[in-house]
Amino acid sequence: MERCPGAPRHSPSAPQPSPGHPGPLLRSDLLILLRVMGGGSAIQPCCESSLYHPGLVHVRVSHRLFGDRCPPVSLSCFQTPRRIPYEEAVAQEFGPAQVGESFGPTWETCWFKVELSIPPAWAGREVHFVWESDGEGMVWRDAQPVQVWRQGCARCPAVYSGVTFGTPATLTLYVELACNGLFGAGQGSMIAPPDPDRRVTLSKAELVVFNRDVYELLVDLEILLDMAQLLGEENQRSFQALYTANQMVNVCDVTDPSTFPAARDLAAAIFSQGNGQSQHTIHAVGHCHIDSAWLWPYEETIRKCARSWVTVVHLMEHNPELTFACSQAQQFQWVRSCYPGLYARIQDFVAKGQFIPVGGTWVEMDGNLPSGESMVRQFLQGQRFFQEQFGRICSEFWLPDTFGYSAQLPQLMRGSGIRRFLTQKLSWNLVNSFPHHTFFWEGIDGSQVLTHFPPGDSYGMHGRVAEVLKTVKNNKDKGRVNHSAFLFGFGDGGGGPTQKMLDRMKRMSDTDGLPRVQISTPDQLFTVLEKESSQLCTWVGELFLELHNGTYTTQAQIKKGNRECERILHDVEVLSSLAVAQDTAFQYPASQLQHLWRLLLLNQFHDVLPGSCIQLVVEDALQYYTGEQGVWLGGHSPVGAAPAWWGWGGSSPGLTLVLNTLSWERSEVISRPGPDGTETLGMSDLAVALVSELLTGKYSAFPSPGEVSDTCFWPLPKEDGSVTMENGIIAVCLDTMGHLTSLQLLDSGRSSVPDGCCANQFALFDDVPLYWDAWDVMDYHLETRKPVTTLLKPLEITLAGGLRGSVRFSLQVGKSSTLTQEIILDATCPYLRFLTQVEWKEAHKFLKVEFPVQVRSTNATYEIQFGHLQRPTHWNTSWDWARFEVWAHKWLDLSEHGFGVALLNDCKYGASAHRNVLSLSLLRAPKSPDATADIGHHQFTYAVMPHQGSFQQAGVIQQAYNLNFPLHVVPASCAQCPAWSAFSVSSPAIVLETVKQAEDRPEAVVVRLYEAHGSTVTAWLQTSLPIKEAICDLLERPLAQGRLPLEQRGLRLSFTPFRVLSVLLLRSC
């Protein structure tokens, strides 16, 4: 039987090979052997028949990549615990260093001075500097960063490449080596707490001649072998690629470079065979996801940005087709401040359209926990930065690695000039596979954005054949659209694209059998998707990640600091805006507020606020809340100096000013320090100090308790140790362990706690995730529930009536922790408050508090940013039970027709409602990546509020705000302080969320409102400020509909459900 040349394939009738002769090869055999060679093992220059004979000497192609080598003329170094700038580093005294030496410990920095001399014989050849070591580093030349390397991202040994010398030369390089890896310094695993004593070793430092023809040959073979293996035997192109690779091996003699062009011509022939018009197009965009903090501190991220972006700029200088999408204005600002030379080069490439700012936010923030106003400020600060620095705002929201996405985000994107959204994180779903890769996402207000998930389910592709094939095969919307994103480059710890990635994709740009691969931009991708969008599906509501739901609770101190700082900044802006209105000499603290907002926004990064970071990051975050940088955020009351801000100065002894920064009337018990240091209670007067209708600024002299009508009450102890309390609105009964055995709404006589049940029940769960310790809480933890039953101090009365009644008790929680709780009922207050302190010393435990309620509903309601949504209380489907642990902001509610119960809180986010049990997640105790996570003292408050009617009618939303924004009580400046209300809103459905000075117009005030009930309503905004009228978007740009007429009743505003509306008020004076 005749055998075709170059066809190593068995025929059924082929004779069996004789002993000692390999015979014809099966396709699978050839694939395996060629794969070994393509991996750099061996290529033998001989004919096919002798290619695999035993005993023949194989020559490693990869060892031919570098030719002649030359060591440095000298190598010296110095070490520092600080991250210092280049100018300071080169002025230090360097000592001798040598290859093979180790440096450390973790987080130290070593600077090396490398003197090099190019041998005369190398003139005209491509010379690279090869540096191989652990850790991360950057090469400096002529005071500018020029190249990097990183342990763990498949780029070692890294080279300072592209240096071709026409004549012999000498040069001096400086190498900045960070004694940490690409992903920090985890001890034993990536996410383990850092090893404090890790050391890095310098393995190689030398000049080499780079054989580019060998490199190109290796890339050719890699692509062909991937095609042969991955296209499958049913695909003709698989065989063509396989046979071409085999022919290349036969033609090529690695000892004779003159044979390389012929081998490469064979590869070029198959790569040049183009696709048909119907082939799927992959839009390849360079990318480098850099966590602003995670397994390394903020300061190290600054260097990660420089290391990554200098690589990108270097590649762009040699590959003018390369595009690179880059998010996070904060990271641009870091590089601008610390690496101005690099930043100038980046600006040039932004102008050329290659270095592309995306995202529009200050950082890639968590998508669940920041408040609505914080999310607005993410876009406001980010888009303004990009406009100021690059002359344009971003048109795509870019959030590829966040742990879920709020259903309010589409509206906030649209209000910030963005109609497109890219992420991929929902590919991590543990239970259900998300059904789309390209679709319209609709928020709770009806706003839609075109959304794309790269079908390769990654933001860090390497340009391999397997990845482009997966991108097409995995695409759940093929047939509807014919284009997909392909983000390539090392990420998370930085890195970015490499030359090899680009070279791979050049060979796949239009090759039959593979999808068409083109270097593209986000705008080009979304533009073509918009043209193909007529058949796309729509997803309504939140994009809930079915994983990482432990991040709603981990690192409770960071979450408390976030909520507290959001409140403080809100109040400072309100009071400062009104101070300007009262006294034109007052200077609005715009620059200080911007600085503080940016610190808060930075801490909302998606590995900081969720708590999935190392201890060093936690310490940095808490310092930003309470340290010197956050003067008002740390221990200094933003309203303590309010009279001075308003230009009044001084105080009148014994008089008190009450300030309300919310937009409705409030009548509450308030306290002030007495002359002997004790606390004195008072009641905000219903006619005056109640800060009527206002938003802020209403105040009065402090009324005495005697002026309050008979709304007070007295805790009443019983023989069994239980205590009852009532205040005319609710009546409660508590047993000796602080359990709520009865909660009655007096007007209706309706009991909230089912017979035989106890509310305010603490429960401890075993909490051992499969891998992602700080991130995950698994559904099986629910099977380990253990009620907390060890009483340390039984219930006792601590405040026996008048305007406030309270009781206190203590429990032991777990083996080593204690919980002390004061339960407080105030006059006229519709909720019972639980002030809780915990000394937490557990490991892999989860503490929750449960409220079984006498309410039946298939859905519970949870507050989110600027609104709310419903989630099921049953687990009928996998989509339902995957939400066994969810997030909420200030409240959640379970209601049936005519009655319901709400849980309020001042700093918690994790929650659940299963059947009739409302549960609030309080504390976790993961051990990686921070072994000390949550250990220590915690203080927090939650409250339970039974109500008639719906939660909207009962004012649950307003009461949750009241809990989170207490009235401010400060010394009054004079005896005659006229009551004054700056703003009022006619509808209880409308929440006036924000009052601030406009960013670019000191004479203007921005007022932000939202519809909170889920209704269509017209409301009147009234103000006592002298203003003109206007309306704007979230970026404070005037809208096309122009001005709003100022009528006698104020400004007439129209709202649809959950609409967020920003009004720019121009002062008329």
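**Close-up views of a predicted model**

**View 1. Surroundings of Glu-1011.** A polar atom of the Glu-1011 side chain lies 3.1 Å from the backbone nitrogen of Phe-1058. The model is predicted, with local features requiring pLDDT of at least 70 and side-chain atom pairs counted only at pLDDT 80 or more, while totals for chains, interfaces and linings use all residues. Residues are numbered from 1 along each chain as its sequence is written, and side-chain values use heavy atoms, without hydrogens and water. Glu-1011 belongs to strand β48 (residues 1004–1011), strands being DSSP runs of E with at least two residues and helices runs of H or I with at least four. Glu-1011 is buried but has no salt bridge; buried means under 20% relative accessible area with a 1.4 Å probe, protein chains only, and a salt bridge needs a side-chain nitrogen of Lys or Arg within 4 Å of a carboxyl oxygen of Asp or Glu. The nearest side chain of opposite charge, Arg-1059, is 10 Å away.

**View 2. The ring pair Trp-891 and Phe-951.** Rings of Phe, Tyr and Trp (its six-membered ring) pair if their centres lie within 6.5 Å; planes under 30 degrees apart are stacked, over 60 edge-to-face and the rest tilted. This rule gives 47 aromatic pairs. The pair of Trp-891 and Phe-951 is tilted because the planes stand at 45°, with the centres 4.9 Å apart. Trp-891 in strand β40 (residues 891–896) and Phe-951 in helix α19 (residues 951–954) are 60 residues apart. Both Trp-891 and Phe-951 are buried.

**View 3. A charge over a ring.** The charged end of Lys-890 sits over the ring of Tyr-961, 4.1 Å from its centre; this requires NZ of Lys or CZ of Arg within 6 Å of the ring centre and within 35 degrees of the ring normal.

Definitions and conventions: Buried < 20%, exposed > 50% of the residue type's maximum accessible area, 1.4 Å probe, protein only. Lys, Arg positive; Asp, Glu negative; His and termini not counted. Polar contact = N/O pair within 3.5 Å; in protein donor to acceptor, adjacent residues only side chain to side chain.
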